[in-house]
Amino acid sequence: MDKRGYDPRITRIGRFLRRWSLDEVPQLFNVLRGDMSLIGPRPVVKAETHLYKHLLPFYLAATPGLSGLWQVSGRSNLDYEARARLDATYVQTWSLKADFKILVRTVPTVLRRIGAR
């Protein structure tokens, strides 16, 4: 979750792919396979789950998604506590209409690179 503004391990091509969120394209295969949904909480590694604290059950109740409320609400500009709250809110208030709104908001968020690092 701690993304540096400049990470020397990332190549120029990698920075371009991240900046334009093109590094997410392979995850579309996970969506097509049914391992992920198009909209939902972003996947986290097991080592990060303790950061969700009392909100972890909400995160675990949903299928991870390619985009979600966290992505359209600030992405890397938000701390982990805000991410956990947004994921919990998403699960508690889920609806097809809300998913559609998030999907529509995802496009300009990605194109304007809001919160992308």
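**Is Glu81 buried or exposed?**

I looked Glu81 up first, and it is exposed, with a relative accessible area of 52%.

**Ground rules**

I am working with a predicted model, where local features need pLDDT of at least 70, side-chain atom pairs count only at pLDDT 80 or more, and totals for chains, interfaces and linings use all residues. Residues are numbered from 1 along each chain as its sequence is written, and side-chain values use heavy atoms, with hydrogens and water left out.

**The whole protein**

I found 5 helices and 2 strands. Helices (H or I, at least four residues) and strands (E, at least two) are DSSP runs, numbered from the N terminus. Along the sequence they follow the pattern α-α-β-α-β-α-α. The radius of gyration is 14 Å, close to the 13 Å that the globule rule gives for 117 residues, so the protein is as compact as a globular protein of that length. I noted that this radius is taken over C-alpha atoms, and that the globule rule is 2.2 Å times the number of residues to the power 0.38.

Along the principal axes, the C-alpha atoms fill a box of roughly 40 × 30 × 25 Å. Of the 117 residues, 33% count as buried. The protein exposes about 7700 Å², and carbon and sulfur atoms supply 62% of that. These areas come from the Shrake-Rupley method with a 1.4 Å probe; for residues, only the protein chains shown count as cover.

I also looked at contacts, meaning heavy atoms within 4.5 Å. Among those between residues at least 6 apart in sequence, 70% join residues at least 24 apart.

**Salt bridges**

How many salt bridges does the count come to? I get 3. The rule asks for a side-chain nitrogen of Lys or Arg within 4 Å of a carboxyl oxygen of Asp or Glu. Side chains of opposite charge can pair when their charged atoms come close.

My opening residue, Glu81, is in one of these bridges: its side chain meets that of Arg85 at 3.2 Å, N to O. Both residues lie in helix H4 (residues 80-92), 4 residues apart, about one turn of the helix. Arg85 counts as partly exposed at 44% relative accessibility.

Next I checked Arg33, which forms a salt bridge with Asp35, the closest N and O atoms being 2.6 Å apart. Arg33 is exposed at 60%, while Asp35 is partly exposed at 43%.

Then I turned to Arg42 and Glu24, whose side chains meet in a salt bridge of 2.9 Å, N to O. Arg42 lies in the loop between strand E1 (37-39) and helix H3 (56-60) and Glu24 in the loop between H1 and helix H2 (27-33), so this pair ties together parts that are 18 residues apart in sequence. Arg42 is buried, with a relative accessible area of 11%, and Glu24 is partly exposed at 22%.

**Gln71**

Arg42 turned up again here. Leaving aside neighbours within four places in sequence, Gln71 is in contact with Arg42, Leu66 and Thr109. I located Gln71 in the loop between strand E2 (65-67) and H4, and it counts as buried at 9% relative accessibility. A polar atom of its side chain lies 2.7 Å from the backbone nitrogen of Gly68. A polar contact is a pair of N or O atoms within 3.5 Å; within protein, one must be able to donate a hydrogen and the other to accept it, and residues adjacent in sequence count only if both atoms are side-chain atoms.

**Gly40**

Which residues does Gly40 touch, not counting those up to four places away in sequence? I listed Thr63, Gly65, Ser67, Gly68 and Tyr90. Gly40 sits in the loop between E1 and H3 and is buried, at 1% relative accessibility. From Gly40 to Gly14 I read 26 residues in sequence and 25 Å in space, C-alpha to C-alpha.

**Arg15**

My last stop was Arg15, in helix H1 (residues 12-19). Arg15 is partly exposed, with a relative accessible area of 24%. Its side chain reaches the backbone oxygen of Ile10 at 2.6 Å. Setting aside neighbours within four places in sequence, I noted contacts with Tyr6, Asp7 and Ile10. Ala98 is 83 residues from Arg15 in sequence and 31 Å from it in space, C-alpha to C-alpha.

Note on methods
Buried < 20%, exposed > 50% of the residue type's maximum accessible area, 1.4 Å probe, protein only.
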